Amino acid sequence: MKKIFSGCLVIILLIAGGLVYWFWEDIAYWWGDDDYAYYELPEDCYEDEYYDYEDKLCYIDEEFDDDLLTLFFDLADEVLVSLDGDFEDFESTLENAIITYEIDGNLIVNPEEVSISDDLLAYQEDTDSHQKIWVYYANLIPPNHRTNLTQFVIFTDGQEEVMAAVEQDVNDPEKWVLAVDIVDAENPQELTYTLIHEFGHLLTLNANQVDPDEDIFEDPENDEIYEEAVEACPQYFPGEGCSLPNSYIHLFVERFWFDLFDEWDEINYVEDDDEYYAMLDEFYYAHQDQFVTDYAATNPGEDIAESWTHFVLQPKPEGDTVSEQKVLFFYEFPELVELREKIVARTFSRLRRP
Ligand SMILES: [Zn+2]
């Protein structure tokens with residue numbers, strides 16, 4: 001009797017095991033936390049894509065073949081349309097904030113409405129668009145590279161002025177805020193370019209790269225404190241603090257801005273806006289072959305963010321101009337080559353969908 005019972009138990013266990021094995025993918029899917037604002041189902045994947053159960057998204061195989069890569073760069077070419085807009089200027093961004101969210105893992109939560117003029121109300125109420133923009137960012141950038149973001153701001157200053165910006169969180173210099181213009185985000189190509197550019201800032205300015213200066217953070221308008229911190233920094237000083245000796249931005253500036261720095265630095269002392277932009281234009285045209293875009297000539301921080309964006313969205317350069325060397329710079333870091341492959345796979349799988 002005991003034997004029969006044990007025999008039955010073995011069979012039951014075998015069947016249960018078989019069921020778990022058979023339906024493992026579905027079990028893993030439903031078991032996972034539902035901390036996802038947007039996800040795909042395994043059946044949404046194309047034939048050449050695999051399903052990532054952790055991210056709940058379809059990706060093309062990271063070792064994509066040449067045909068696929070060509071297809072990606074065709075798509076990316078549309079993304080690389082030259083943008084006239086500005087990315088930075090956080091002050092004007094916050095002045096034009098419409099709604100702010102806290103970032104909680106993959107989600108944006110606790111929306112706080114900013115009081116705005118009536119003509120912008122439709123943008124404030126457009127929760128669906130806010131979610132879509134955030135989710136698009138979360139789709140492009142791997143989760144472990146989003147952990148230092150705490151806030152997501154939707155703003156607008158009209159079409160093609162400031163498109164997006166990042167800035168340190170006012171509560172914590174090691175955390176960051178991402179702001180996106182809801183009007184400019186309507187174009188998927190521009191949005192893709194802009195978000196990868198903004199991520200370029202987060203990648204090169206985060207606390208592991210640039211040691212945030214507490215004194216400047218506490219008193220950002222104090223020129224004396226600022227100048228003192230710049231003087232005391234043996235490396236490049238991007239504004240938030242002193243960059244670490246092995247940081248991407250310091251190595252980049254050391255290599256590519258050595259001859260340009262003084263000439264560029266002088267422009268920064270020009271107070272009149274028109275004169276400033278005219279001189280910046282002149283600076284760009286005098287060294288055009290050194291920059292991937294005109295916007296890159298704004299400052300070293302924009303230069304590295306623009307070069308990063310071209311690194312992600314363009315084939316590996318074959319030439320040796322300075323602007324190409326700036327893109328090749330990123331290939332020297334295996335962790336960035338790996339990250340690029342991930343972002344390309346994620347971006348491609350999103351861009352190819354209707
Ligand atoms: Zn920028």
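Two strands count as paired if DSSP finds at least two bridges between them. Helices (H or I, at least four residues) and strands (E, at least two) are DSSP runs, numbered from the N terminus. For angles, axes are lines fitted to C-alpha atoms, for helices over the stretch in contact, and the values run from 0 to 180 degrees between N-to-C directions.

Before I go on, this is a predicted model: local features need pLDDT of at least 70, side-chain atom pairs count only at pLDDT 80 or more, and totals for chains, interfaces and linings use all residues. Residues are numbered from 1 along each chain as its sequence is written.

Inside the sheet, β5 (residues 149–155) and β7 (residues 172–181) pair in the parallel sense over 6 bridges. Q151 stands opposite V177 in β7. Contact here means C-beta atoms, placed from the backbone, within 7 Å.

What else packs with α7? Helix α6 (residues 127–140) packs with α7 (residues 188–205) at an angle of about 60 degrees, the axes 10 Å apart. That makes α6 oblique to α7; under 35 degrees counts as roughly parallel, over 145 as roughly antiparallel, 65 to 115 as roughly perpendicular, and the rest as oblique. The contact is made by Y136, Y137 and L140 of α6 with L191, L195 and I196 of α7.

Now the hairpin. Strands β1 (residues 49–52) and β2 run antiparallel, joined by 4 bridges, and E49 stands opposite I60 in β2. Between the two strands are 4 residues, and K56 in the turn has a positive phi of about 55 degrees.

Is β2 (residues 57–60) covered on one face or both? Both: L57 and Y59 on one side, and C58 and I60 on the other, are all buried. Buried means 20 or more other C-beta atoms within 10 Å of the residue's own, with C-beta atoms placed from the backbone.

Overall, the protein chain has 15 helices and 9 strands, and buried residues make up 31% of its 354 residues.

How values were computed:
A residue is buried if 20 or more other C-beta atoms lie within 10 Å of its own, exposed if 12 or fewer, and partly exposed in between; C-beta atoms are placed from the backbone. Two residues are in contact if their C-beta atoms, placed from the backbone, lie within 7 Å.
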